[in-house]
Amino acid sequence: MAMQDFDHTAPEVILSFYRHLYPFKSVFKWLNHEHTPSRLFTHREIAFSLRGDIYIRYNSFLNADEFKNQTLKYNPERFEIGPVYSARPRDKKTVRPAMFTPQLRELVFDIDMTDYDSIRTCCSGASVCKRCWAFISAAVRVLDAALRDQFGYRHLLWVYSGRRGIHCWVSDDEAMELTDEQRRAVAQYLTVVQGGKEMHKKVNVRPPGRQSGRPWPLPPAVRDALDILTEVFVDLILHDQNLFERDEQWEELLKLIPDPDIAGSLRRAWNMDENLPSEEKWSQIKGKTKDLEKGSPERDTMMAALEDIVLQYTYPRIDAEVSKHRNHLLKAPFCVHPKTGRVCVPVDPTHIDDFDPENVPTVSQLMQELEAGKLQESGEEQGDWERTSLKPYIDMFEAHIINIMNEVRIAKRATDTSW
Amino acid sequence: MFQLRTQAPEYKPDPYGKVEVAGPSDYPYRLNFYDDPPTHMVTLEEFESCAIDRLRVLGEIEACFARNRPPDERKAIVRAQCRKYLPLDPNDSLSRAQFEQRKKDHVGHFVLRLAFCRSEELRRRFIKAELELFRVRYEEELDSELESFLKTRSFGLELVDDAEKMKYAELLKDANPKNYVSFSKKVPPKDLAKERFYKVRWTRVPDLVEHRKVLVKGGWAYVPASEQSSIVFNELEAHLKTSLEATAKALPRLDEDTRIVPLLDHLSKGFLAGVPAEWDAEHSGEDIRADMIDDIARKHYPACARNLHENLRRDRHLKHFGRLQYGLFLKGLGLSIEEALLFWRRSFSKFTDDQFNKSYKYNIRHSYGLEGGRRNYPPKSCQQILTQDQPGAGDNHGCPFRHFSTDNLESALLAWYSPHGLTQDDLDEVTKIVKAGHYHVACTRVFELTHAAQGVKKGEGVSGDSVSHPNQYAAKSRELEKTHTESVKMDVDGSGVTMAL
């Protein structure tokens, strides 16, 4: 029998994916934090996106089975997860608006490659390759470290968005309970590159200057990131992307040099030599800085500017709007991206550098694997994903869920003294 | 809730329990966290007058926010208003009026709680104004009194011990570098070893975290004693929020004899009247059609809208916040939903009808209150543009005075406004104002310079005020053009004057 070709845009392929492979049980446990359905699940909004841009909001389900059955019934292109409301979202029309407010929600982050278009040379727009994925992996390393070390969160789930970005879901209780104001504070704290298109210098995180002309040190939060990013800057920006190759590119760089004499002399030198690699240009800037008198305000200012340049080209560019509001919807893990057919799989942040978006299984590939497996053994329907390349991803997801559930169990045991 | 009497207690038996008589010992401090409502007798007259005087102060605070007054100016105004309507003398003052003043402050606050608890919107505005009032008073308070006042309340603060402090010494310094450097011989730098630090969950000081003013480790914020006020303000804000919600729930059950509710209604309307309303699209006069926009943009737009318009024309697209800011501005200008859809459809010419209808139409209709929650969103004010939704790396929205680098701002202003009389020489003045951080003043100056031909003088601004809303700028500019052309017409006729006579 010839291997069948599966079109990832065909509704029946997606339906079959939901029926055999989508881990509804796991997603239920991940949202619910325990085995018996709680408000964390029953009051949770799930929004379906159907083909033809039809959006069905405010669905909610009593348990994992109902969740699966309804999804099969609608067979949506993808679906998104919203907050836990004070009432069941499906009852929205019958409760008073004042009694229907978002209460709890994972703290979420969204990083999208399009925000890097001005600083990547390999691709643009929707396309993404292994090379520009390095921007994302630098962002994941910085944010993962910041959320764990600085904010003390432990239950972080990173999920590939299916095309050109990555999402992060933080399920710690304290993160779930954050108000919109507190979410805004985290998002701003983690936003370093700012200012619109017409602003050259986009990193302004030091306190305003002082009289002596010396710059202030970077805030501790940003300094931590700089250690990771300096290395990324050399490998990615200077070597791989060669980002200061063309006139208009290095002209942008020179606009960030505060010393007009240095900028001027470099401009003359670089105009003479068209083929100077980016790395050489950067070391010339560093050389000019070292020539300045040690301990002088001029030298300190240049040193600070170099740090700011590294940040401007490498610091994570999060889509802060997604993080700021509890009621923002975000695509559920394990959905299929409608354009690429790739499954939104969890990503291990400790091995983020090895992740290649092009190796992520597509729905067509999974269906083929499933079909091949069926030929060998027939009948058994449960746990179909065990026989496909989705397995390692679901195992990773389950390990994450066990950590969350263990914590809930320990907390419950501590409060339950009835025995 | 209140015990309210207009007559002496012996006149009729008291069904509410003991009525106390307030004494000076009830108010040992000027500042008040307003934990307990007054339980003493309050005459109806007092009830109203305390509230009205406080309302005058709060109304002025709101007006300051609405007019974008810089913090120092705002503080001075609030202080002056307080001296006039709500004076509070320190404990050692000889005026002997402390008790009466503090009682009035206390009663006024709780009456206004009743008046402003009734909707989310009123509660938000009331809390914002009350917090500002508290902040001004807090900063004025004498150190000795402040310290003992703060001791009256447990904030659940954990002092950072020396070992931990030394472990993070460098990080703590870098979080607040200004404290540890000497600015002059008179002010010695602080000694980290002597400075107190409090350890609180970061969620209690979101404002300090947002601006990276504290060290955050493992979810704890290390707050130096100099920033302790932030904990206090956040605590008061949270306290007011929960109490107002509780009051709102209790209000329908108020044992009322038809004297209070009309009074409260009256009070909450007073708050609204004292403040210039958000820019109101209804007043902007005749209809505008999509094909008139280019002409109006050239002649009457403030820089923020002009920038968005130019970008839209060049890229035939705007990102989300750009569409939102510009779309609402156009609505404020008087563009109807039909014309708006036409305008955006033509502007987004690189998209097919199908793409446009799918991706953008909903949002445009939404901003006109025709989809989803059906809220009619007002156009964004300068305050909102300057402080909310800061533009990211590829964005065009925001305020050019705030979000452009100096050279880009200068060339943009020249390109847009030199046909209206802005010259190279004016730019120095404008950029100087920008560097001082007074973006709306810079915008006002550009308005004056570009409308000099129509008789706008320096310092006159937009009808005597500085620009606080892009639609106000555009409306005034169009109004000036209209009156100007009319007067020119009359001069040409020659008969205009006699007709007017």
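1. A polar contact is a pair of N or O atoms within 3.5 Å; within protein, one of the two must be able to donate a hydrogen and the other to accept it. By that rule, 12 residue pairs are in polar contact between chain B and chain A, with both residues of each pair at pLDDT 80 or more. On the chain B side, the residues that touch chain A divide into 14 nonpolar, 10 polar and 14 charged. Please keep in mind that this is a predicted model.

2. How many residues does each chain bring to the contact? Chain A brings 39 residues and chain B brings 38. The area buried between them is about 3400 Å². Carbon and sulfur atoms give 56% of that area. Three residues stand out on chain B: B:Trp202, B:Glu210 and B:Arg212. They supply 22% of what chain B buries against chain A, more than any other three residues.

3. Three salt bridges are counted between chain B and chain A. The side chains of B:Glu210 and A:Arg184 meet in a salt bridge, at 3.4 Å from N to O. Several elements of chain B give two or more residues to the side that touches chain A. Among them are helix 7 (169-175), helix 8 (206-210) and strand 3 (215-217). Helix 12 (303-315), helix 18 (400-403) and helix 19 (406-417) of chain B also belong to that list.

4. Now chain A by itself. Chain A has 15 helices and nine strands. Its C-alpha atoms fill a box of roughly 75 × 60 × 40 Å along the principal axes. Of its 419 residues, 54% count as buried. Take the contacts in chain A between residues at least 6 apart in sequence: 67% of these join residues at least 24 apart.

5. Chain A is assigned two domains: domain 1 (11-188 + 318-415) and domain 2 (197-314). The C-alpha centres of the two domains lie 38 Å apart.

6. What do the two domains of chain A share? In this contact, 12 residues of domain 1 meet 13 residues of domain 2. About 1200 Å² is buried between them, and carbon and sulfur atoms give 60% of it. One salt bridge is counted between these domains. A:Arg131 forms a salt bridge with A:Asp240, with the closest N and O atoms 2.9 Å apart. By class, the domain 1 side that touches domain 2 has seven nonpolar, two polar and three charged residues. Four residue pairs are in polar contact across this interface, both residues at pLDDT 80 or more.

7. Over all chains, the salt bridge count comes to 62. Side chains of opposite charge can pair when their charged atoms come close. In chain A, A:Asp117 pairs with A:Arg120, the closest N and O atoms being 2.8 Å apart. Is A:Arg120 buried or exposed? A:Arg120 is buried, with a relative accessible area of 5%. A:Asp117 is partly exposed, at 30%.

8. A:Asp308 forms a salt bridge with A:Lys201, with N and O 2.9 Å apart at the closest. This pair links distant parts of the chain, 107 residues apart. A:Asp308 sits in helix 12 (residues 297-314) of chain A. A:Lys201 sits in the loop between helix 7 (180-189) and helix 8 (220-240). A:Asp308 is buried at 8% relative accessible area, while A:Lys201 counts as partly exposed at 31%.

9. In chain B, B:Arg56 and B:Asp53 meet in a salt bridge of 3.5 Å, N to O. Where do they lie? Both are in helix 1 (residues 44-66) of chain B, three residues apart, about one turn of the helix. B:Asp53 is buried, with a relative accessible area of 17%. B:Arg56 counts as partly exposed at 40%. Back in chain A, salt bridges that share partners join A:Lys201, A:Arg206, A:Arg223, A:Glu307 and A:Asp308 into one network.

10. Chain B is assigned three domains: domain 1 (9-152 + 235-273), domain 2 (158-229) and domain 3 (282-493). The C-alpha centres of domain 2 and domain 3 of chain B are 43 Å apart.

11. B:Glu227 lies in the loop between strand 4 (220-224) and helix 9 (228-250) of chain B. Leaving out residues up to four places away in sequence, B:Glu227 touches B:Asn176, B:Leu208 and B:Lys213. B:Val205 is 22 residues from B:Glu227 in sequence, and the C-alpha atoms of the two are 9.8 Å apart.

Conventions:
Residues are numbered from 1 along each chain as its sequence is written. Chains are lettered from A and ligands numbered from 1 in the order in which they are written. This is a predicted model: local features need pLDDT of at least 70, side-chain atom pairs count only at pLDDT 80 or more; totals for chains, interfaces and linings use all residues. Side-chain values use heavy atoms; hydrogens and water are left out. Contact means heavy atoms within 4.5 Å. Buried area is the accessible area (1.4 Å probe) that two parts lose on being put together, summed over both. A salt bridge is a side-chain nitrogen of Lys or Arg within 4 Å of a carboxyl oxygen of Asp or Glu. A polar contact is a pair of N or O atoms within 3.5 Å; within protein, one must be able to donate a hydrogen and the other to accept it, and residues adjacent in sequence count only if both atoms are side-chain atoms. Helices (H or I, at least four residues) and strands (E, at least two) are DSSP runs, numbered from the N terminus. Ala, Val, Leu, Ile, Met, Phe, Trp, Tyr, Cys and Pro count as nonpolar, Asp, Glu, Lys and Arg as charged, and the others, Gly among them, as polar. Domain bounds come from an automatic or database domain assignment. Buried means under 20% relative accessible area, exposed over 50%, partly exposed in between (1.4 Å probe, protein chains only).
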